[in-house]
Amino acid sequence: MAINRIQGTDGIRGPVCLAEKSSSPGPIEALLNEGILTEELFELYTYSFCQELLDIGFAANNDIAVIGWDPRDSSGRFNQAAVNGIRKAGMTAAVVDILPTPAISLYQLKVGAACGFVLTASHNRADQNGIKIFLGHSNLKLLPEDDKRLTQRCLNLDYEELRTIALTGEISNEHQQARKLFIDFVADKANNWLQKDLLNGVTVIVDAANGAFSHLVKDILKFEGCRIEFFNCEHLSKHLKLIDEIRPGISWDYFSHGDQVEKQIKKWTNEVQNLMNQNCGKNKRLAIDVCNGPGALALNKIGLQII
């Protein structure tokens, strides 16, 4: 089957796995056959995009590519691999470390970088990760045709050759500069609607969910006359005694999987069918809170009745 696009509507994302634990010979095979993103794919992806910019004349050697991420990569290996991809292409990696996506794209504009990479899976589960790309000078995301060209470049690149390429690009840590720029931007009255006395006597409860904003909110939310309480997040079902099992779900939305949606739906329906067989016997009725059309049709095709 021809692969036109490995991205969803906003970059590439999905479950992650270290290459050494994958059964595939390379990062592209791991993505297509196992549905996982390895650190090798992160390196291949950033390298491929930087090479695309160099080849079309949008960037030159030593131009800056800003890169940052959210906290989900505790090992640091996916982040480091993505940085290596930029440097192997001969561009300068301006590392801003853990910052929210808007802060990274804002800093990209500030320094006039050729592009920006954000390593995040946004609202997806903690065992997933991804890469968003911002174009230099405009801060626009890639269009579908751009994704297709990048996909073909990734598919045609021999990762074994990429392994041998030297890190010719420079690297700089610009976290503090990017952090200050974002805090100052948010604090500017022209960029927010909060007036000086609006929150007088109010208690503000902030839950940053241990995400990229978690180490910024106390510096951003400085308002006299109000009380601010900061909390991490807990699972939404923690207080519900009727829930006795929580399991990771197989995602099949286009946003995450692009043209691999049908393959993911099949995995999902197989898991649902196995659970029904184990727990429900001949009962084929399944209660679902919300299910989009493609999933509902797939469940109907295997004989389940959604109620």
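Strands here are DSSP runs of E with at least two residues, helices are runs of H or I with at least four, and both are numbered from the N terminus.

A word on the source. This is a predicted model, where local features need pLDDT of at least 70, side-chain atom pairs count only at pLDDT 80 or more, and totals for chains, interfaces and linings use all residues. Residues are numbered from 1 along each chain as its sequence is written, and side-chain values use heavy atoms, with hydrogens and water left out.

Back to Gly14. Is Gly14 buried or exposed? Its relative accessibility is 3%, so Gly14 counts as buried. Buried means under 20% relative accessible area, exposed means over 50%, and partly exposed is in between, with a 1.4 Å probe and protein chains only. What does Gly14 touch, leaving aside neighbours within four places in sequence? The answer is Leu37, Asp127, Gln128 and Asn129. Contact means heavy atoms within 4.5 Å. Thr38 is 24 residues from Gly14 in sequence, and their C-alpha atoms are 10.0 Å apart.

Now the whole chain. The protein chain has 11 helices and 10 strands. It has 307 residues, and 45% of them count as buried. Take the contacts with a separation of 6 or more: 69% of them come from residues 24 or more positions apart.

Next, the sheet. It is open, with 6 strands in the order β1-β5-β4-β2-β3-β6, and the pairing is mixed. Two strands pair if DSSP finds at least two bridges between them. The edges are β1 and β6 (171–173), each pairing on one side only. From one strand to the next, the twist averages 15°.

Now strand by strand. β1 (residues 12–15) and β5 run antiparallel, joined by 4 bridges. Ile12 has Ile131 of β5 as its bridge partner. β4 (residues 115–119) is also antiparallel to β5, with 5 bridges. There, Val118 stands opposite Lys132 in β5. β2 (residues 64–69) and β3 (residues 92–98) run parallel, and 6 bridges join them. In that pair, Gly68 faces Asp97 in β3.

How many of the 8 residues of β5 (residues 128–135) are buried? The count is 8 of the 8, so β5 is largely enclosed by the rest of the structure. Gln128, Gly130, Lys132 and Phe134 point one way. Asn129, Ile131, Ile133 and Leu135 point the other way.

What lies across this part of the sheet? Helix α2 lies across β1, β4 and β5, and runs at about 10° to β5.

α2 also has a helix partner. The axes of α2 (residues 39–55) and α3 (residues 77–88) come within 7 Å and cross at roughly 30°. That makes the two helices roughly parallel. Under 35 degrees counts as roughly parallel, over 145 as roughly antiparallel, 65 to 115 as roughly perpendicular, and the rest as oblique. Axes are lines fitted to C-alpha atoms, for helices over the stretch in contact, and angles run from 0 to 180 degrees between N-to-C directions.

Who meets whom? From α2 come Glu39, Phe42, Glu43, Thr46, Tyr47 and Cys50. From α3, the partners include Arg77, Phe78, Ala81 and Ile86. By class, this contact has 7 nonpolar, 3 polar and 4 charged residues. Nonpolar covers Ala, Val, Leu, Ile, Met, Phe, Trp, Tyr, Cys and Pro; charged covers Asp, Glu, Lys and Arg; the others, Gly among them, are polar.
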